[in-house]
Amino acid sequence: RGSSSSGDLLGLAGGGVDGSGHDDVEDGWDFEEVSLVSRPVSRVSSTSDLTTMTAPARGLGGRGDLSSLPPTRRRRQQGRQPPPWRGRRWGEIEWRRPFRLPGRFRALDQSHQTYRRAYNSCIVATLFVLLVGPITFGGHGVATRRQPPGFNFKLHPANTVNSYVKSDEELRQFQLCGRYTPLTYRIDPHVPPARQRPILEPITWPTANRLLLLRNDGHFGHIGNQVNSLLHAYDYAMDHQMELGILFHSWAMDTIQTIAYETDTYDRLGRDLYEDLNIIVIRNQTQLQGYTEVHSESAKKLYFYSSSNYTNDRDMWTKKMPTHVSVLRRLFLRHNRGYGYVHNGLRAEDTCSSVHQYFKSKSGQMRYTVIHSEYQGGKIKPKLELLSKKTMITVEQGAMYMHPFYIRSILKPVDMLERPIILISDGQFPAVERNLLADPVIGPRLMILSNRESLGGSDVNLAVGADVFIGNPASVTSGLIARARHSLGIDYRYTYLFRRKVKKRWMTVCTDECFWNPWVLGVWV
């Protein structure tokens, strides 16, 4: 190292010649090192020979020159040459000879390594179970009890489909598109995971031998209007003591399968609808022969239907609301994932596609806000002014224009200004999108779903599962989203429809009662 003496050079070369000129190794390989590193050596007579010497290639008998070999053997020997960077100094090659057991011991060593790996895996699994605790395996992997990120939802009996749990049943927390909600339900853990379904109390009412049949006479409005028509069909059947039936190809079946109840067999679809929703699916005329009366109502008439005692009893809506809550819960408990089919034979829509499109694998942990803005060609403004007279909400800078200051007043107190914001708009009022994009705080975090005059099941689930929802109280779709969130047990303080500005301060003027009260909304819901 920095010296040109022959002894130093010999030391760097690791040779077999000591200072006295005697060989301390035999010709060939040196096995004295503990690391089992073998190095080819060559006899040298002087320092000048050492400076030009290169280590001989293995199998050439101490000759480093390959030019004298036949072409075939030269190519073979060239392929055996080790890479030059393995040498200890320039122009010198160090061979590393790997340790290899004799053949009779090789199988024994491999079996010993396999045993050690299995033993280590058992030790790790045992420690994991002892430290983490028991794990309950359910239909979709490991069932945990963690709360959704952002807000600490408290599970109350009112948020439970069935608060009484038998000894042979298990309580689960409902996940909408991988996002936990406060709603809990019961399952039978003894059923295979692929066949596990929520155990629900049946929806029943007194009936005579009559049937309310929903035919294929056309849809009315968008998804919010259609779901309201279906809920009003329950009210009509209860008021007239009729059973509720739908044709297999009807607007009611189309409305249900827009959100839920995808199936692999149509017989199972009819059985599920009857057990969960108390709906009879009519596939042929022979099923109608046992009824004394078969009555039909269109979707439009059912949408504007109100109970006969509605005007006399102003609290009638409180008696109908539990049935509506139960139906909405069942629809979202069985939301479509795109695995099955709908009544027309097509593949069901994945109602979680919008959530996964934006947040992918982080959809369960991401906190986000959804804003729903609707203009309806100017029809929304007179509806808002009518609501303003009843609830004193602010129209101009509030739900109508979705002004950035209005959005900030909602998101800042709940620490959501730094989180993603998704705007779902019908595209008929560009000022809403333009103002939010121009805002220096909201604009960088804003994602827009424009020209959505009618929302699909995936857009509805995107809004229902949001940590914060800001909607238009005059929009039927916003009302559906607010009622669905209430049915799943989400606190009304994170659903903003009725806001009023008082001296530069925004406040909520109505609780979740306004999501259902027809005297406030002006329509029976």
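Helices are DSSP runs of H or I with at least four residues, and strands are DSSP runs of E with at least two, both numbered from the N terminus. The model is predicted, with local features needing a pLDDT of at least 70 and side-chain atom pairs counting only at pLDDT 80 or more, while totals for chains, interfaces and linings use all residues. Residues are numbered from 1 along each chain as its sequence is written, and side-chain values use heavy atoms, leaving out hydrogens and water.

**Figure 1. The setting: a protein chain with 17 helices and 15 strands.** The chain has 525 residues, of which 44% count as buried (under 20% relative accessible area; over 50% is exposed, and partly exposed lies in between, with a 1.4 Å probe and protein chains only). Among contacts with a separation of 6 or more, 68% join residues 24 or more positions apart; a contact means heavy atoms within 4.5 Å.

**Figure 2. Glu262 in the loop between helices H6 and H7.** Helix H6 covers residues 251–259, and helix H7 covers 266–277. Glu262 has a relative accessible area of 16%, so this residue is buried. Tyr341 is 79 residues from Glu262 along the chain, yet their C-alpha atoms are separated by 5.3 Å. Apart from neighbours within four places in sequence, the contacts of Glu262 are Gln257, Asn336, Arg337, Gly338, Tyr339, Gly340, Tyr341 and Ala348.

**Figure 3. Helix H5 crossing helix H6.** Two packed helices are described by the angle between their axes and the distance between the axes. Here the axes come within 10 Å and cross at roughly 115 degrees. Axes are lines fitted to C-alpha atoms, for helices over the stretch in contact, and angles run from 0 to 180 degrees between N-to-C directions. H5 contributes Ile223, Gln226, Val227, Ser229 and Leu230, and H6 contributes Trp251, Ala252, Thr255, Ile256, Thr258 and Ile259. By class, the contact has seven nonpolar, four polar and no charged residues. Ala, Val, Leu, Ile, Met, Phe, Trp, Tyr, Cys and Pro count as nonpolar, Asp, Glu, Lys and Arg as charged, and the others, Gly among them, as polar.

**Figure 4. Helix H5 packed against helix H16.** H5 (residues 223–239) and H16 (residues 476–487) pack at an angle of about 60 degrees, and their axes are 7 Å apart. H5 is therefore oblique to H16. Angles under 35 degrees count as roughly parallel, over 145 as roughly antiparallel, 65 to 115 as roughly perpendicular, and the rest as oblique. This crossing is left-handed. On the H5 side are Ile223, Gly224, Asn225, Val227 and Asn228, which meet Val476, Thr477, Leu480 and Arg483 of H16. Four of these residues are nonpolar, four polar and one charged.

**Figure 5. Helix H9 and its crossing with H16.** The axes come within 9 Å and cross at roughly 85 degrees. H9 and H16 are therefore roughly perpendicular to each other. Val325, Leu328, Arg329 and Phe332 of H9 meet Leu480, Arg483, Ala484 and Ser487 of H16. The contact holds five nonpolar, one polar and two charged residues. Thr323 also lies in H9, which covers residues 316–333. With a relative accessible area of 14%, Thr323 is buried. Thr323 touches Ile203, Tyr234 and Met238, leaving out residues up to four places away in sequence.

**Figure 6. The buried side of helix H14.** Which residues of H14 (residues 430–438) are buried? They are Ala431, Val432, Glu433 and Leu436. Their cover includes strand E9 (369–373), helix H13 (404–411), strand E10 (421–425) and strand E11 (446–449).

**Figure 7. Pro420 in the loop between H13 and E10.** Pro420 has 19% relative accessibility and so counts as buried. Met447 is 27 residues from Pro420 in sequence and 7.6 Å away, C-alpha to C-alpha. Beyond neighbours within four places in sequence, Pro420 is in contact with Phe359, Met366, Arg367, Tyr368, Thr369, Arg445 and Met447.

**Figure 8. Positive phi at Asn278 and Gln376.** Most residues other than glycine have a negative phi. Asn278 has a phi near 55 degrees and sits in the loop between H7 and strand E7 (279–282). Gln376 has a positive phi of about 55 degrees and sits in the loop between E9 and helix H11 (380–391). The relative accessible area of Gln376 is 22%, so this residue is partly exposed.

Note on methods: Left-handed = near helix turned anticlockwise from the far one by under 90°.
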